[in-house]
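Reader: I would like to go through this model feature by feature. Please give the general idea each time, then the case at hand.

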Amino acid sequence: MKFETKAIHTGQEPDKATGAVIVPIYQTSTYAQGAPGEHKGYEYSRTANPTRTALERCLASLEGAKFGLAFSSGMAATSTVMNLMKTNNHIISCDDLYGGTYRIFEKVYKDYGLEFSYVDLTTPENLLKVLKENTRMIWIETPTNPLLKIIDLSKVSRLARKHRLILAVDNTFATPYFQKPLLLGADIVVHSSTKYLGGHSDLVGGAILTSSQKYYDRMKFCQNAVGGVPGPFDCFLALRGLKTLSLRMREHQANAFEVSRFLSRHKKVKRVIYPGLKSHPAHNLAKMQMSGFGGIVSFELKSGLAGSRRFLKSLKLFFLAESLGGVESLADHPAIMTHSSVPLKLRKRLGISDSLIRLSVGIENKEDLLEDLRRSLTFV
Ligand code: P1T
């Protein structure tokens with residue numbers, strides 16, 4: 001089956017009891033047993049729930065994975081990947097990444113004796129500079145949040161194999177519709193399904209996909225042991241969102257192209273970052289490893305913080321809000337909002353300045369979106 005068909009059908013056969021064509025919301029915490037230990041595959045909903053099983057199967061098929069695990073948030077998924085690590089293990093992470101991921105690494109897992117190095121993996125060989133005896137994992141986002149750096153997944157996975165490291169990729173920005181890291185050699189894919197997978201800004205969720213029996217078994221064990229699982233209603237919403245993922249991603253991308261071209265031509269804009277633009281330093285790599293460029297556009301205004309504030313306050317259609325990937329357009333000020341946990345010094349080095357704005361371009365009419373941007377730029 002092709003992507004669009006899998007999104008609608010995998011894990012979602014008509015309900016055996018009633019014929020319902022949509023997977024029911026199995027709003028139950030537990031399951032009656034015929035005799036102790038005799039059950040129908042479900043014992044307790046932290047361990048497994050049929051609505052969650054459907055979501056996990058569907059997500060796994062979309063990423064080309066054997067196994068899927070759904071979580072109550074992207075951070076719960078990330079945390080469960082970290083549960084594969086042991087004290088004193090060293091993780092090499094890309095330097096630009098979601099502020100909350102940086103925060104859990106630095107403020108939670110460092111306290112458990114894990115070590116982290118942050119390097120610019122747009123040059124994959126940079127990881128060799130920080131590689132140590134105790135390095136066990138490479139963690140990357142591509143495109144990265146919020147600077148949309150593109151990292152060569154095939155090259156990094158070759159280095160990971162050579163040095164026997166686990167390669168985990170946060171595929172939230174691209175989604176499996178535009179990029180399949182497991183097929184390019186990654187071991188584990190992570191998602192915040194809060195974003196494009198759900199797609200309607202009405203749920204918080206996460207997922208892990210892998211084809212490794214060993215990693216799956218351990219993470220499945222930790223999912224149940226720690227308990228960061230999504231409720232059945234959120235699984236239903238995510239499944240419902242997935243059915244239109246391909247349609248939405250195509251529209252997000254078409255509008256993001258329009259927005260990035262419009263901003264590139266505007267005199268108050270210093271630079272526009274969108275992997276679909278020829279001006280993006282890794283445009284060719286993006287073209288090779290992705291089948292589309294996504295719906296996020298970051299840009300810098302020529303004016304500083306005061307100008308950014310005026311622009312963001314003037315927007316009407318783009319809501320000023322954290323998160324991304326919903327049908328409605330959102331604007332984010334990374335330095336103050338999503339990436340405030342990243343220390344100022346590191347933000348400065350990376351280029352997350354006070355005039356950097358990240359747009360999650362929704363699927364509204366493109367003319368309306370451009371008009372909102374055009375009008376708000378007059379206030380800068
Ligand atoms: O918010 P949550 O579902 O827990 O997912 C965390 C997360 C993980 N990975 C990436 C790439 C993300 O962007 C996020 C969440 N990001 C935002 C809320 C944001 O506005 O960037």
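Author: Start with burial: a residue is buried under 20% relative accessible area, exposed over 50% and partly exposed in between, with a 1.4 Å probe and protein chains only. Y216 is buried, with a relative accessible area of 17%, and F67 is buried at 16%. This is a predicted model, in which local features need pLDDT of at least 70 and side-chain atom pairs count only at pLDDT 80 or more, while totals for chains, interfaces and linings use all residues. Residues are numbered from 1 along each chain as its sequence is written, and side-chain values use heavy atoms, with hydrogens and water left out.

Reader: How many aromatic pairs does a search of the whole structure find?

Author: Rings of Phe, Tyr and Trp (its six-membered ring) pair if their centres lie within 6.5 Å; planes under 30 degrees apart count as stacked, over 60 as edge-to-face and the rest as tilted. The search finds 14 such pairs. F67 and Y216 are stacked, at 4.3 Å centre to centre with 15° between the planes. F67 belongs to strand β1 (residues 67-71) and Y216 to helix α8 (residues 213-226), so this pair ties together parts 149 residues apart in sequence. Helices (H or I, at least four residues) and strands (E, at least two) are DSSP runs, numbered from the N terminus.

Reader: Which residues form one aromatic cluster?

Author: Y102, F105, F116, Y118 and W139 do. Within this group, F105 and F116 are stacked, 4.5 Å centre to centre and 10° between the planes. Both are buried.

Reader: Is helix α9 mostly covered or mostly uncovered?

Author: Mostly covered: eight of the eleven residues in α9 (residues 232-242) are buried. F236, L237 and L239 are among them. The buried residues of α9 pack against α1 (3-9), α2 (50-63) and α10 (245-265), where contact means heavy atoms within 4.5 Å.

Reader: At what angle do the axes of α10 and α14 cross?

Author: Two packed helices are described by the angle and the distance between their axes. Axes are lines fitted to C-alpha atoms, for helices over the stretch in contact, and angles run from 0 to 180 degrees between N-to-C directions. The axes of α10 and α14 (residues 366-377) cross at roughly 30° and come within 10 Å. The two helices are therefore roughly parallel, since angles under 35 degrees count as such, over 145 as roughly antiparallel, 65 to 115 as roughly perpendicular and the rest as oblique.

Reader: Which residues of α10 meet α14?

Author: N255, E258, V259, F262 and L263 in α10 meet K366, L369, L370, L373, R374 and L377 in α14.
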